[in-house]
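Please look over the sequence and the structure shown here.

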Amino acid sequence: MTDEEILSHFRETDALLEGHFLLSSGLHSNRYLQCAKVLMYPDRAALLCRALANKVEAALGVNAVDIVVAPAMGGVIVGYEMARQLNVPGMFTERENGEFAFRRGFSLTPGARVVMSEDIVTTGKSSRECIAAITAAGGHVVAATCLIDRSNGTADVGVPLVSLMQMDVQTFEPHNLPAELQGTKAIKPGSRDIK
């Protein structure tokens, strides 16, 4: 699947937004990818995640993963679909007292080979937090995945990151906004509370 084919799914579902956005990381941006709008269509979710699963299998080998774990909220759908495509179980972590934890009776077999899967990576903060929860629960994270790597390959999540597509989407510190964003209200489309 080419980058243009991937982006066409975002455009066709109005998931590629332009404006002034306050990201979960606390950074600002003039573009935002709302994966939830793409993933609300099961056929599109299956196509995108199958292409990502192919990349995972090429990088790690077939049958190199025991389970997929995703961070809630944004990663739940892509994590489920990645687990389905890789033919392994899937579960997710949720924030409890501000940190990711396994709830709902989810637990990992010690040493389980885990792929941490989420929708978008910008700074990698949520990925690192989810990976820390997996490691604390006894899992061995063999790779992380995302549909879109907004960092264009610069985010460090502590393990190999396999993305369906890398993008160079500009982000800005709140005190260093470009002229076109200054004085405009930022929309907060992310799922993590900003401190």
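The points below are grouped by topic.

This is a predicted model, in which local features need pLDDT of at least 70, side-chain atom pairs count only at pLDDT 80 or more, and totals for chains, interfaces and linings use all residues. Residues are numbered from 1 along each chain as its sequence is written, and side-chain values use heavy atoms, with hydrogens and water left out.

**Cysteines**

- A disulfide is a pair of cysteine sulfur atoms within 2.5 Å, and a search of the whole structure finds 0 of them.
- For C49, the closest cysteine sulfur is that of C35, at 9.1 Å, which is too far for a bond.
- For C146, the closest cysteine sulfur is also in C35, and the distance of 8.7 Å is again too far for a bond.
- Relative accessible area (1.4 Å probe, protein chains only) sorts residues into buried (under 20%), exposed (over 50%) and partly exposed (in between).
- C49 is buried at 0% relative accessibility, and C146 is buried at 0% too.

**Aromatic pairs**

- Rings of Phe, Tyr and Trp (its six-membered ring) pair if their centres lie within 6.5 Å; planes under 30 degrees apart count as stacked, over 60 as edge-to-face and the rest as tilted.
- The count by this rule is 2 aromatic pairs.
- One of them is the tilted pair of F21 and Y32, with 5.7 Å from centre to centre and 35 degrees between the planes.
- This pair links distant parts of the chain, since F21 belongs to strand β1 (residues 16-22) and Y32 to strand β2 (residues 28-33), 11 residues apart.
- Helices (H or I, at least four residues) and strands (E, at least two) are DSSP runs, numbered from the N terminus.
- F21 is buried at 4% relative accessibility, and Y32 is buried at 12%.
- F92 and F106 form an edge-to-face pair, with centres 5.3 Å apart and planes at 80 degrees.
- F92 is buried at 19% relative accessible area, whereas F106 is partly exposed at 26%.

**Charges over rings**

- A charge sits over a ring if NZ of Lys or CZ of Arg is within 6 Å of the ring centre and within 35 degrees of the ring normal.
- The charged end of R44 sits over the ring of Y41, 5.7 Å from the ring centre.
- R95 lies over the face of F100, 4.1 Å from the ring centre.

**Helix α5**

- The expected span of a helix is 1.5 Å times one less than its number of residues.
- Helix α5 (residues 125-136) has 12 residues and should span 16 Å; its end C-alpha atoms are 17 Å apart, which agrees.
- Its buried residues are S126, S127, C130, I131, A133 and I134.
- Seen down the axis of α5, these buried residues fall within an arc of 160 degrees, so they line one face of the helix.
- The arc is that of the directions from the helix axis to the C-beta atoms.
- Contact means heavy atoms within 4.5 Å, and what covers the buried residues of α5 includes β3 (67-71), β4, β5, β6 and β7 (140-149).
- Just after α5, G138 has a positive phi of about 100 degrees.

**Helix α4**

- In helix α4 (residues 76-86), the buried residues are V78, G79, E81, M82, A83, Q85 and L86.
- They pack against α2 (35-39), α3 (42-60), β3, β4, β6 and β7.
- N87 follows α4 and has a positive phi, near 60 degrees.
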